[in-house]
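Walk me through this model, please.

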Amino acid sequence: MPAPTSPLTGKGKGSHNPDDVNGDGFADLVFTAPRGDAGTYLAIVYGSADGLNSATRTVTTGTGFDFDLRTSTGDLDGDGFADVVVFGLDASANAPSRPYLLWGGPKGVDPAARPTSVQVPVTLNLFSRPAVPGDFNGDGVADLAMPVPSPDQSGDDLAVLYGPFTRDGAPRRHTIQSSPTGGEFGRLIASRMNGRHATDLLVYALDDGEQAPSWLLEGGPGGLSTRARRLNAGNSSAFGDFDGDGRGDVVVADSGSRNDEPGYETEPPGVDQVMTVYFGAAGRSPQVLGDIGPARGMVAGDYDGDGHDDLALGRGASGVEILRGAQKGLRRGGHVIRRSGPAIGPDGHNLSDEQRAARPWGAADYDNDGRDELLLAFASYWMSPPVSLWWATDGRQDESSFASGAW
């Protein structure tokens, strides 16, 4: 039985926190999930001094929109309230999926508001992948990075739409640069916005199940760099400041997926079960951890408040391992968190330990105590009705937990 919702007071003044949709100083959780045969819904669970409070939430089906199961936040209009970036389909317009914006404010997102279409710099008949927010020029206002077709249609170019955006979805300016992959790319991943420096961007090569390489583009006052650094192959990745020097680092690791075509079932020794940490300090050699096993999701955050980001490493049925940040890089301490869903799903389907395992989903400071909370999630979207369980933990014990499948 879902918890009853409580109305927001509307007292948020704007915090310039990229995760704070209602501007009250606490990070919020935003996600999309399927609702049986009724498409998807978007939910916002608001943070508080006691952490995430599932009784204070906004839930919307998008007033005719079917949202993709990916979403993100950032202050795209510069008003101090985080906005929501969704990738979805307007069923009433017979148009392809594309990026949309839902505007934050003192009462969060208006559940009755229609999403605002992002005005993109080219005419597209197909939007293949979502736009990713980040503050790529470090001016405190979120920007969007997204793939657009190259002029000869041979691959992708990278478009960066710089904020602030108007309420009609138009960016202040944009740039278009060649893809560092040399062709199509598969995913974009941006580092966390924190108001102290420009965010960086990972551009992944398109893969067919195998571990793919990525290219690191650094942000700066002039915007996103056109010079890229190629990183080791590994489909799991996370940004953080693991050595605590104030510069952004990035880690890539083997996710465990493999191409099932004959002759392609394995990865080379430098990729198989390998994690590589690339440090932001100039001239510092990467840290390589071998025999790390498959990384089934990775999330970085400072869970103990010591000024070094830690890494939550998903291991499926074996739980979530916490690697602690330190001056020399990440260190393994053996601490493992285990959370799991029900043994039997709502349709009577028996779940294996692997299927039941909660995985790292995100991290933010939901109670504003100066330390990040790690968010773990269990989702059985293939069942009817779907089941979703959430845990917000400090890395050792839960600070809050709730179920969202029936919303």
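Two strands pair if DSSP finds at least two bridges between them. Strands (E, at least two residues) and helices (H or I, at least four) are DSSP runs, numbered from the N terminus. This is a predicted model, in which local features need pLDDT of at least 70 and side-chain atom pairs count only at pLDDT 80 or more, while totals for chains, interfaces and linings use all residues. Residues are numbered from 1 along each chain as its sequence is written, and side-chain values use heavy atoms, with hydrogens and water left out.

Start with the sheets. Three strands make an open sheet, ordered S1-S2-S3, with antiparallel pairing. Its edges are strand S1 (29-34) and strand S3 (57-60), each of which pairs on one side only. Neighbouring strands here are turned by 15 degrees against each other on average, direction ignored. Axes for such angles are lines fitted to C-alpha atoms, for helices over the stretch in contact, and angles run from 0 to 180 degrees between N-to-C directions. Strand S2 (residues 40-45) is joined to S3 by four bridges, and the two run antiparallel. Within this sheet, alanine 43 stands opposite valine 59 in S3.

Six bridges hold the antiparallel pair of strand S10 (residues 156-162) and S11. Leucine 161 has histidine 174 in S11 as its bridge partner.

Now the charges. Side chains of opposite charge can pair when their charged atoms come close. A salt bridge is a side-chain nitrogen of Lys or Arg within 4 Å of a carboxyl oxygen of Asp or Glu. How many salt bridges does a search of the whole structure find? The search finds 15.

One of them joins arginine 192 to aspartate 372, with the closest N and O atoms 3.3 Å apart. Arginine 192 lies in the loop between strand S12 (185-190) and strand S13 (201-205), and aspartate 372 in the loop between strand S24 (359-364) and strand S25 (373-379), so the pair ties together parts 180 residues apart in sequence. Is aspartate 372 buried or exposed? Aspartate 372 is buried, at 11% relative accessible area, while arginine 192 is partly exposed at 39%. Buried means under 20%, exposed over 50%, and partly exposed in between (1.4 Å probe, protein chains only).

Arginine 258 and aspartate 254 form another salt bridge, at 2.8 Å between the closest N and O atoms. Aspartate 254 is buried at 1% relative accessibility. Arginine 258 is partly exposed at 25%. Asp77, Asp79 and Arg167 are linked in a network of salt bridges.

Finally, the second largest pocket. It holds about 1100 Å³ of space. On a 1 Å grid over the protein atoms alone, a pocket is an open set of points where a 1.4 Å probe fits, with protein on both sides within 12 Å along at least five of seven lines; lining residues have an atom within 4 Å of a point. Grid points are joined across faces, edges and corners, and the volume is the space filled by probe spheres set on the points. Of the 46 lining residues, Arg192, Asn194, Arg196, His197 and Asp309 are the closest to the centre.
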